[in-house]
Amino acid sequence: MLKRRRFIIGGLIILAALSYIIYGGMQQAIVYFVTPSELKARENSSADKFLRMGGMVVAGSLQKDLKNLTYRFDLTDGNASFPVFFRGVPPDLFTEGKGAVVEGRIGADGVFQATTIMAKHAEEYSPHLEGKDGYPKSFVPGKELTQQ
Amino acid sequence: MTATLGHTSILLALLVAVWGIISPILGSRSNHQRYSAFTRTAILAQFVLVTLAASSLIYALVTTDFSIRYVAFNTTRATPAYYRVTGLWGALEGSLLLWEWILIIFSGLVAWIYRDRQRETMPWVLMIFSIVSAFFLGVIAFVSNPFETISPVPLDGRGLNPLLEDANMMTHPPLLYTGFVGLTVPYAFAMAALIRGKVDEAWIVATRRWTITAWFFLTAGNLVGAWWSYHVLGWGGYWAWDPVENAAFMPWLPATAFLHSVQVQERRRMLKVWNLSLIIIAFSLTIFGTFLTRSGILSSIHAFSSGPVGSVFLVFLSFVLISSFGLLAFRADLLKGQAELDSMVSRESAFLLNNIVLVSALFTIFLGTIFPLLSEAIAGTQVSVGAPYFNSVTVPLFLLLVFLMGVGPMIAWRRASWDNLRRNFLWPAAASLLAGIALFIWKVRDFLPLLGFTLLAFVVLTIFYDTALALRARRRTAGEGVIRGLVTLARRNQRRYGGLVVHLGVVLVILGIAGSMTYSIEREATMNLKEHLNVGHYLIQFEGLKGSREPTHFRVEGSFRVFHQGDTWGVLSPALKFFPNQQSPVGRAVHRSTISEDLYLILSGFSELDKNQATLKVLVRPLVVWIWIGGFVIALGTLLAILPLGKSSSEAA
């Protein structure tokens, strides 16, 4: 019986350690997903929160400055749109009229300051496989500039 | 015509599969011999029919028969012949057919190899194969039909996704499917053992080589996937903890655990229920992976209804889990009464701990992958779990695993004495500690990388030290030199030395991952003609752009002259490819590998007005090349473990 108790104690220790690393990992890495209309509706309460916003890049809204690597555009979900600013190089598949997901925070000027842009990951091949809401299903991240 | 031939073959194969499921059940009630021959014939007939179906789809792809929808969506007239063939697994419907084809090839091999052996078990093993095959055939025939026709017939096809036009991408899915399907073999033998109530070690011994082979293909499939991600996707990384990647990686964890824990069962008759559970979980995860990646539930749970394939896989997954674990519970009384651990300091307990760590890693990755679904279903909030979660939970687990990789193969069975511990570990531990101190003095100052490199050194040293001791013994007893001694040792105990070589390969893979995770440099800049950029030890000069017309696309190439600490490395030319049927360009990154680090260049953009400007992303990633070298070492070790090279390797490690 001593053995059995030892196993139970060992199991509990392992379980506790595992829960601890899972909890710690989640704290760092969970990102809430919002649509442009949701973000518009609660712009004030969302300040400083790290968020992920998905939508379509509004056609005609994309302003690139290739010299400084800055991108300004609006993301829309059909009901509302939200302005986004990004400095860096977006992924290849990022264009106007296409789905994109951005990660970042709302800046002081009310513009979403994206640190990452993700465009449609092209491993899903045929159009009829896409989710019916038109959002991309998997993504290739494009990273913000960290140096320079 | 081709479409009718293909679809008819699939329907006939489905009928045959159903016959293959029924006949062993009938056979168990009457004349056994005749029905077991039927079961085998059913597998061979499916093999012929599915091969016919797959060949007709390949034929349609090669001859660009655009009356078939799948062909029209995955080839164009301009597609080179090679990529027309590989269009077979360029999209869902064809991939499922490829999967079924590989499955039935494996089943046919098993049926052939065991034609005169295991007479009692084989009908049940082949029945399990027929069940899995019937499921895939049903999906191909009714849910996701690659032979669906399209009318009016388009003049030209839409073409394969350009990112898939890459030699490595083309080998990646078949490798992974081979790994997934390979796990069906031990699963089928395990289920057959449960059905017959013969739950001794026979099923493990019979499937030993199959399991190692499946494990190897899983490993290779994941590594080639990482390679593809690194070389083709052009974002500079090799692993993003994308759900699709997790789906491919998850079965690897219980499969690895299983490879180790079956040795405990062979040796000590322990862990019977555990081993059966592991193989059920590993097999279920291959089905779960397809469900996860094909159902479209990943971005939003609401997209669930859009893909019937996903729900069909979910139904089959539930069937597999319920029936397998149900069978296990039904046979529970046969599985009782096993030996207990003698000591916590023994090889059994090292292997047990290895299993706990691997299953914990599986659990954390599984949780992270499905957490967005749980969150949306339960709390209604959409969240995503990013790569930092997966990195922070798996790094400590994998470090523990590396430590166990040093301990497990050398520690004694049952109860390790102090003498055993001192003999096997004292010198390797002391030397790796010295290596750690040396690294600290040199420049590795962060805790986790330092611990990681020290543990990796420990594993390598235990392996070399153990081999050196064995070689010394060979010289004393047989007067053999180093080379001769190594050959004798490897031939006497192929499985052990094959395993140790695989461990060395894994060490190299982890070395590469640890190095590139910790000490990478990233820079990005827009450059004018002849402008310089300094990154790490490199100086990069922009030399201009050039455009060229290729068979399937237009290519814009940037030329960058690279100097490394004063030496010129010549010109590297990352490119962007513009495909007529695709809206966005596809990047073609280039890299230059050395054993210490990779230089990786991505052309991210260029000025269309002024041809003298380009945006370049530069990454310096240390030690990446060791990941791929490690893959080759793993392959060598696997070959050493499974090839019949002379002396019987049945002796346990």
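Trainee: Over which residues of chain A does pLDDT stay under 50?

Mentor: Good place to start, as this is a predicted model, where local features need pLDDT of at least 70, side-chain atom pairs count only at pLDDT 80 or more, and totals for chains, interfaces and linings use all residues. Residues are numbered from 1 along each chain as its sequence is written, and chains are lettered from A and ligands numbered from 1 in the order in which they are written. pLDDT is the predictor's confidence in each residue, from 0 to 100. The model has 81 contacts beyond four places in sequence (C-beta atoms, placed from the backbone, within 7 Å) for the stretch under 50, which is residues 121-148 of chain A.

Trainee: What is the mean pLDDT of chain A?

Mentor: In chain A, 76% of the residues reach 70 or more. The mean for chain A is 74.

Trainee: In what order do the elements of chain A run?

Mentor: Helices (H or I, at least four residues) and strands (E, at least two) are DSSP runs, numbered from the N terminus. Chain A has two helices and eight strands. From the N terminus on, the order is α-β-α-β-β-β-β-β-β-β.

Trainee: Which residues touch the most other members of the largest nonpolar core?

Mentor: A nonpolar core is a set of buried Ala, Val, Leu, Ile, Met, Phe, Trp, Tyr and Cys residues joined through C-beta atoms within 7 Å; buried means 20 or more other C-beta atoms within 10 Å of a residue's own, placed from the backbone. Of the 174 residues in the largest core, the two are Val125(B) and Leu456(B).

How values were computed. A residue is buried if 20 or more other C-beta atoms lie within 10 Å of its own, exposed if 12 or fewer, and partly exposed in between; C-beta atoms are placed from the backbone. Two residues are in contact if their C-beta atoms, placed from the backbone, lie within 7 Å.
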